[in-house]
Amino acid sequence: MLRYLLGRIAGALTVVVVVSVVTFAIFQLAPRLTGANMAFYYTGKSTSEAQAAAVAQKFGFDKPLPEQYWTFMSGIVAGRDLSDGVTEVRCPAPCLGYSFRQNRPVLEMIGEAFPVTLGLTLGAAVLWLLFGVAAGVLSAVRRGSVFDRLATAVALIGVSVPEFFTGMLLIYLLTSGPAWLRLYPDGINYVPLTEDPVGWFAAMVPPWTCLALLFAALYARLTRATMLETLSEDYVRTAWAKGLPPRTVVGRHGLRAVLPPIVTLVGLDVGALLGGVVLVETLFSFPGLGRLAYRAITSQDLPVIMGVTIVGALLIVCANLIVDLLYGVLDPRVRNAR
Amino acid sequence: MPVETTPPADPLLSVRDLRVQFPTDDGLVRAVDGLSFDVAPGEIVGVVGESGSGKSVTGQAILGLLRRTRARVTGEIRFDGRDLVTAPEAELRRLRGAELAMVFQDPLSALHPYYTVGSQVSEAYRVHNRVSKRAARERAVQMLDRVGIPEPHRRYGAYPHEFSGGMRQRVMIAMALVCTPRLLIADEPTTALDVTVQAQILELLGDLRDEFGSAVLLVTHDLGVVAETCDSVVVMYAGQCVEQAGVEDLFARPQAPYTWGLLGSMPRVDRDRRDRLAPIGGQPPSLLAIPPGCAFEPRCGYHEEVPESRCVDERPALVHDGQGRAVRCHLTAGQRLTLRPVAP
Amino acid sequence: MTGTQAPQVARSPARLAWRRLRRDRVAVASAVALAVIVALSAGAPVVCALLGIDTERHIELLSIDNVGFPEGAFGGMSADHPLGVEPKTGRDLLALLLYGSRTSLLIALGATALSVVLGVAFGLCAGYFRGWVDSVLSRTMDALLAFPVLLFSIALLVVLGGVTPTGGNGNGLRIAVLILVIGFFGFPYVGRLVRGQVIALRQREFVEAARALGASDRRILGTEILPNLVSPILVVATLTIPTRILAEAALSFLGVGIQPPGTSWGQLLGSASHVFTVTPTYMLFPGLTVVVTVLAFNLLGDGLRDAFDPKTN
């Protein structure tokens with residue numbers, strides 16, 4: 001079990017390193033294609049020749065790429081002294097870089113954005129699992145009923161609607177729609193949980209809905225299919241043969257067997273969820289990681305891009321690790337095999 | 001004359017004209033087609049037939065497990081005087097596990113992979129008995145011990161995949177007998193097991209019958225299993241009973257050509273090895289289109305003995321001899337005596 | 001039926017599947033809807049000419065007082081412009097949707113083809129050779145699944161976008177780049193599925209038999225395994241198309257995909273994201289088009305899967 005765990009952690013770290021290497025490589029490629037000065041990706045368009053030279057010198061653009069990469073990565077552990085040719089900055093460990101465009105350490109910006117994204121994703125995940133699994137189970141149990149048909153139809157449409165379209169519809173209806181639906185006449189604006197829990201919750205509901213709708217539909221379909229399969233298993237027949245009431249047969253014996261595949265899927269979907277977060281945060285103008293990343297990428301602020309992608313990859317592999325461990329807990333056969 | 005081994009008593013289970021039909025896209029599948037037999041208290045009755053003969057479906061119909069499927073079950077299944085075909089689901093649920101229990105063919109798939117064997121056994125006990133978790137646990141440990149699970153206290157918390165096939169089937173039996181049911185339906189309980197383990201499981205079933213007094217309906221395709229365990233036998237073919245007899249009678253004086261075939265295809269150590277086994281040629285009929293005459297006729301080597309091609313045109317009736325034997329065949333009693341392959 | 005064994009008419013699995021598919025009303029309706037959508041987009045110039053619409057700017061339709069938003073209700077809907085006109089430019093929305101569907105479908109189909117080719121190649125090799133080949137390929141696919149794909153796509157497009165000409169209708173290179181990026185990140189899903197199928201097929205008797213007869217790996221893969229993968233690949237391809245449509249829409253929505261004056265469904269939705277509180281119809285029609293198309297592909301994919309493998313339903 002310990003060996004298994006260590007192996008998984010090593011694998012996860014490898015993925016994070018690969019992600020950081022690829023991100024780094026993409027932006028090494030860029031100046032070669034565009035002919036722009038590399039310094040541009042650190043200090044922006046208005047960089048003077050002298051300043052660019054200073055940045056190049058400080059970051060060692062003339063040095064071999066592996067060395068540059070190593071300098072960046074070791075900064076995470078040791079901290080770095082950085083300069084844009086005008087001001088000198090000390091970036092203490094763990095240093096994910098410093099945005100000279102915004103004059104802030106990247107880690108600070110990520111730290112600020114993280115709670116927004118965490119609240120968004122966790123809330124959405126709770127909603128989607130709750131509604132998705134419940135609808136799927138009910139559909140399977142009442143197979144062919146009106147509820148089943150309705151839920152199946154809604155789920156099919158749900159998986160076909162992009163979250164940003166749902167988002168625009170919601171924003172339109174809730175802020176500019178018919179008067180009885182205009183619940184957010186002043187717009188949907190993010191409020192930190194610590195300042196105003198009720199306001200936070202109210203602001204979160206629409207983006208939660210956007211994110212959850214797509215996934216809930218997906219999970220309802222999956223749960224229904226898995227549950228139908230499970231209900232035809234021999235051990236469910238055994239449960240009936242014991243004289244258990246339907247509630248126990250479905251709720252205990254059936255549902256228990258549906259959980260492992262759902263958990264696996266959650267692990268696979270964390271990456272997709274992060275993509276959804278970029279879209280939803282951008283659309284709703286919520287100051288989370290997704291919007292931070294999006295803005296950094298479109299303004300080509302390399303230190304922020306590097307920082308956010310690494311943190312993003314870290315989040316995904318952590319989620320995968322948790323899912324893996326949870327799977328071990330849920331499936332005794334896997335637990336013993338390890 | 002054979003000596004009646006079981007005194008005539010009110011049967012515990014009495015199946016009359018049972019029919020199970022599955023509507024499918026291709027037509028109506030007649031899985032069981034007018035089956036009747038009795039099981040006396042404490043008796044072990046074997047139901048024998050090839051796969052698709054309707055023997056497993058019969059067991060499931062008795063427990064009402066076909067109610068959640070598209071199957072149509074008609075006829076009468078009287079258990080202790082109550083008709084299980086028409087009984088409300090709530091009443092059946094009270095009987096299932098408590099008075100009627102079932103052991104399935106493959107214990108690995110029949111046990112829930114994510115729950116410990118102990119919790120599965122004690123759950124079966126707690127559904128029908130208002131007892132504390134601890135008492136149920138004790139009862140389960142006791143049952144596991146009784147069916148021969150070593151170190152039952154420790155193994156209570158183990159999962160099905162940690163057991164061998166034979167041990168798993170013992171767990172299934174413990175789970176089925178935990179409420180001391182009056183009828184145990186064992187559906188091919190030894191088919192998925194090694195030969196050495198098979199004998200142990202069969203012995204266990206016999207012992208438990210003696211101890212708990214439960215009647216057993218043993219569904220199997222294996223006449224060897226029947227010979228070892230059963231008091232009487234129902235031979236099924238294409239959803240119908242073709243022969244019914246006490247076990248010694250059946251092996252000593254089989255009456256139906258299909259039974260002859262079954263016996264002929266059974267390997268025996270006391271027979272010369274150079275005697276070839278004689279498998280029954282051909283396939284059982286499609287249950288979508290059972291021939292109008294004798295269902296076994298296309299595979300039967302004796303239909304020319306019956307005049308006017310009656311075997312093709314007319315379905316033989318199940319004829320009882322009034323002494324617990326019944327046979328479904330157009331051959332006359334005399335013909336059956338002379339045509340029967342020489343008993344080894 | 002009379003007689004014991006009615007002789008079964010020999011029917012190939014593909015023909016059986018085709019028969020089941022034709023009986024599936026939902027799948028047939030989806031296929032018809034998709035055929036209409038594809039025909040409309042392929043014949044966009046003809047359709048536009050027939051309807052008397054074009055993608056020219058019509059500034060006269062825009063309100064000067066209202067900073068460039070269309071005159072009239074519902075985004076300037078009129079007999080001449082059935083779905084209204086684009087804010088700021090006055091281009092006909094229906095014409096934009098028709099031309100945009102060409103871009104969106106081209107990217108989705110191209111990306112799907114790339115995903116399927118890569119996925120089949122990876123899955124086939126990983127599942128067939130097992131061992132270290134499998135380890136390397138599977139790890140690669142697992143790692144890709146753990147990537148923040150959207151962020152990478154945005155980054156790649158921003159960087160590569162620097163070299164693609166913007167302005168005019170110079171979206172040709174951009175379309176190619178989008179196909180590459182979207183197609184590449186979609187392949188691990190296909191790869192994993194193919195790998196699983198190959199592993200199952202490998203154990204089957206006919207593959208064992210071919211190997212026992214001394215057939216080469218290439219021959220076994222080509223003549224024994226690949227033909228048996230056709231139906232799952234067809235199903236997964238059909239179900240991949242809608243996800244690629246959504247991926248293009250997402251990237252263009254974020255402004256890193258197709259750039260105006262070029263147009264695609266995602267580009268229209270992206271432009272709409274700044275103005276939809278004023279002209280909701282400008283957002284509604286492209287959005288509904290995406291939903292209907294994606295839904296139709298999903299339904300058709302489900303129908304195909306049920307037709308090939310009826311027991312799953």
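Q: Buried means under 20% relative accessible area; with that in hand, which residues of helix H11 of chain B are buried?
A: This is a predicted model, and H11 of chain B runs over residues 257–264. With 7 of its 8 residues buried, the helix is largely enclosed by the rest of the structure. The buried ones are B:Pro257, B:Tyr258, B:Thr259, B:Trp260, B:Gly261, B:Leu262 and B:Leu263.

Q: What covers the buried residues of H11(B)?
A: Both helices and strands of chain B take part in the cover. On the helix side, it includes H9 (223–229), H10 (247–252) and H13 (333–339). On the strand side, it includes E3 (44–48), E9 (232–237) and E10 (240–246).

Q: Over in chain C, is C:Val47 buried or exposed?
A: C:Val47 sits in helix H3 of chain C, residues 44–51. The cut-off for buried is under 20% relative accessible area. C:Val47 has 18% relative accessibility, so it counts as buried.

Q: Leaving aside neighbours within four places in sequence, which residues is C:Val47 in contact with?
A: C:Asp142 makes a handy reference point, lying 95 residues from C:Val47 in sequence and 45 Å away in space, C-alpha to C-alpha. For a contact, heavy atoms have to be within 4.5 Å. Once those sequence neighbours are set aside, the partners of C:Val47 are C:Leu40 and C:Leu98.

Q: Moving to chain A, how much area do domain 1 and domain 2 bury between them?
A: Domain 1 of chain A covers 9–106 and domain 2 covers 109–337, and their C-alpha centres are 35 Å apart. Carbon and sulfur atoms give 74% of the buried area, which comes to about 2000 Å².

Q: Which residues of domain 1 of chain A lose the most area to domain 2 of chain A?
A: Three residues stand out here, together giving 26% of what the domain 1 side buries. They are A:Val16, A:Phe27 and A:Val106.

Q: How far apart are the closest N and O atoms in the salt bridge of A:Glu112 with A:Arg104?
A: The rule finds 1 salt bridge across the interface of domain 1 and domain 2 of chain A. A salt bridge needs the nitrogen and the carboxyl oxygen within 4 Å. For A:Glu112 and A:Arg104, the closest N and O atoms are apart by 2.8 Å.

Q: Which residues of chain C lose the most area to chain A?
A: This contact takes 43 residues from chain C and 45 from chain A. The buried area is about 3700 Å², 83% of it from carbon and sulfur atoms. Together giving 16% of what the chain C side buries, the three are C:Leu151, C:Val159 and C:Leu254.

Q: Which side chains meet in a salt bridge at 2.7 Å, N to O?
A: Across the interface of chain C and chain A, the rule finds 3 residue pairs in polar contact. It also finds 1 salt bridge there. The side chains that meet at 2.7 Å are those of A:Arg221 and C:Asp302.

Conventions: Residues are numbered from 1 along each chain as its sequence is written. Chains are lettered from A and ligands numbered from 1 in the order in which they are written. This is a predicted model: local features need pLDDT of at least 70, side-chain atom pairs count only at pLDDT 80 or more; totals for chains, interfaces and linings use all residues. Side-chain values use heavy atoms; hydrogens and water are left out. Domain bounds come from an automatic or database domain assignment. Buried area is the accessible area (1.4 Å probe) that two parts lose on being put together, summed over both. Helices (H or I, at least four residues) and strands (E, at least two) are DSSP runs, numbered from the N terminus. Buried means under 20% relative accessible area, exposed over 50%, partly exposed in between (1.4 Å probe, protein chains only). A polar contact is a pair of N or O atoms within 3.5 Å; within protein, one must be able to donate a hydrogen and the other to accept it, and residues adjacent in sequence count only if both atoms are side-chain atoms.
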